[in-house]
Amino acid sequence: MKPTSRLFKTLSTTVAAALTAALAGPVTPALAASQVIGGVASEGNLRIRVEDSGQMGVERYASGDWVSQIYSASPGSKGSALHVNGALYPLGYFMYDSGWSEIGTAGTPVSNTTVGNTITTVWTAGSTTITQTTQYTNGNPFYRLQWQITNTSGGALNDLRFFHGEDTYLVGGDNGAGFWDGANNIVGVYKTVAGNQQRMSLQGVTTPAYYQSESFDAVLIAGGAGRLTNAINPDEGTDNGYAMEWDNPTLAAGATWTIVAYESFVSGAVGALNVSAPISTDCAPGATCDLVFTVTNPTGTGIDAALSVTGDPSAWVTPTAADSNATITVNGNAVASGATSGAIALSVGANTITTVVTAQDGTTTKTYTVTVTRAPSSNADLSGLALSAGTLTPAFDAATTTYTATVSNATTSLTVT
């Protein structure tokens, strides 16, 4: 949050300082725990922090130092909010109105724990329980967010709206140009400095209802008010923030609403085309999915380029467990997470491939089955033809169906192979 520096520039130093003191409390509350994943000091790696309140921070390792991607620190101006039938429950963000008065009832922290590469944070908010799962694998320029919102009221809840977003901070500066990639449900911001362009973006794997990428205060206040505007400000001088909104008209008693998103952070030299690939696409068995790659030209001049897409389909079916302590078997054979199963022999007809994942507790399992039907062969050709006596004329060829052979008078029988 930056209300004093952005909205009260004409006030005296004394008044501004007083406002800063008044507003600092709700922005960065005193918390009992802070969970961190990532943090390996290697170029492009991420370090992600989640506070009990839901306030989050993301840093990216660049040129030998950790650079915050979110405005402010401890950990940053980033988080979520849930609206239920007009009631606002902030989860670390979206808690101010247009007059910078604090609004809503903050979600009540229940737990905030880390296991392996996953932070699980739970709150209660009104008649709901919200579970946020934050997962990151070192070496990736992106991480995964999932929210599960469960109705604990005993009756249906109406008009649910969930928000996630932040006040962005790119390449050591507090401004950037907003963008929207509708083909991949990606809202983001980019900034070009000294020939390098950095982009950070939020992708809704669960299709969002609304999005926004413009001045941070407009985004923050819109989320608090309960509706994003789809506004995009492409000016690189914008003090940018971005967010997504997911809507659910009704949630039955005991039901859970699941939302999945990815956030990514990439950087590259200007002077060539930038290609943004879809981070994640869920495709139902037997369905056809379109994977849309967005190509942008940041150079300012025209470029002639031959574009092609290559891929390894075998990697698409690799079973992967998010928790390194879980185990996987394919047709009873152990398979390391992220590794292929090896060749599986197929007979003609139906073949069942069974993948069993055993959770970290060693007891809970989930079984996935794939039925592969290998078609019968339509090949009626011989691969060889030989006689125990005599010689075929002409020499055998699969396409030749008529032959002659001569045997001696003493030959009273022969075998055909």
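Predicted model: local features only at pLDDT ≥ 70, side-chain atom pairs only at ≥ 80, totals over all residues.
I looked up the buried residues of H3 and found Phe216, Asp217, Val219, Leu220, Ala222, Gly223 and Gly224; buried means under 20% relative accessible area, exposed over 50%, and partly exposed in between (1.4 Å probe, protein chains only). Helix H3 spans residues 216-225 and is mostly covered, with seven of its 10 residues buried. Helices (H or I, at least four residues) and strands (E, at least two) are DSSP runs, numbered from the N terminus. Just after H3, I noted that Gly226 takes a positive phi of about 105 degrees.

Residues are numbered from 1 along each chain as its sequence is written, and side-chain values use heavy atoms, with hydrogens and water left out.

Next I checked a sheet. It is open, has four strands in the order E21-E20-E22-E23, and its pairing is antiparallel. Strand E21 (333-334) and strand E23 (365-374) are the edges, each pairing on one side only. Two strands pair if DSSP finds at least two bridges between them. Strand E20 (residues 327-330) is joined to E21 by two bridges, and these strands run antiparallel. I found Asn333 in E21 as the bridge partner of Val330.

Last, I turned to Leu307. Leu307 sits in the loop between strand E19 (294-296) and helix H4 (313-316). Leu307 counts as exposed because its relative accessible area is 57%.
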